[in-house]
Amino acid sequence: MSRQAWVLVVVAGILAIATLVGAVVLAVRVVRTRRLLTGLGAGGKFAFYGALIYTIFPVDVLPDPIYLDDMGVLAAALIYLTRLVHQRRAAGRQLPGQPGALPDSDRAHRRVP
């Protein structure tokens with residue numbers, strides 16, 4: 001193989017590894033938001049589980065060595081879930097799993113709006 005071909009292979013490998021790492025980081029961030037799902041309603045649950053299923057499912061828009069579509073779906077889910085969390089916080093409601101949220105046993109005894 002010529003030197004140019006090796007350079008092309010190395011650059012393609014680096015790009016593939018970078019997109020894989022980006023997809024894994026986004027997936028981990030989406031999974032970390034799972035603890036907030038009970039307070040985000042059906043839309044939040046649909047976005048969370050839909051993004052994870054699309055990422056894991058073997059049939060994609062782009063073939064699996066190219067993770068750009070998976071990263072796009074995960075990023076869109078994170079943006080949507082973040083907006084839901086901000087709306088909930090703006091309304092003054094605590095979400096389960098957030099610091100300062102009442103445990104379930106205390107929530108039953110206190111009136112939470």
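This note covers two residues of helix H1 and the faces of helix H2.

1. Ground rules. The model is predicted: local features need pLDDT of at least 70, side-chain atom pairs count only at pLDDT 80 or more, and totals for chains, interfaces and linings use all residues. Residues are numbered from 1 along each chain as its sequence is written, and side-chain values use heavy atoms, with hydrogens and water left out.

2. Thr 19. Find this residue in helix H1, residues 3–32. Helices are DSSP runs of H or I, at least four residues, numbered from the N terminus. Thr 19 counts as buried because its relative accessibility is 18%. (Buried means under 20% relative accessible area, exposed over 50%, partly exposed in between, with a 1.4 Å probe and protein chains only.) A polar atom of its side chain lies 2.9 Å from the backbone oxygen of Ala 16. Beyond neighbours within four places in sequence, Thr 19 is in contact (heavy atoms within 4.5 Å) with Tyr 67, Leu 68 and Met 71.

3. Val 21. This residue is also in H1. Val 21 is partly exposed, at 46% relative accessible area. Its C-alpha is 9.6 Å from that of Tyr 67, 46 residues apart along the chain.

4. Helix H2. Which residues of H2 are buried? They are Gly 44, Ala 47, Phe 48, Ala 51 and Leu 52. Seen down the axis of H2, these fall within an arc of 115°, so they line one face. The arc is taken from the directions from the helix axis to the C-beta atoms. The buried residues pack against H1 and helix H3 (68–90). On the other side, Ala 42, Phe 46, Ile 53 and Ile 56 are exposed.

Key:
Polar contact = N/O pair within 3.5 Å; in protein donor to acceptor, adjacent residues only side chain to side chain. Expected span 1.5 Å × (residues − 1).
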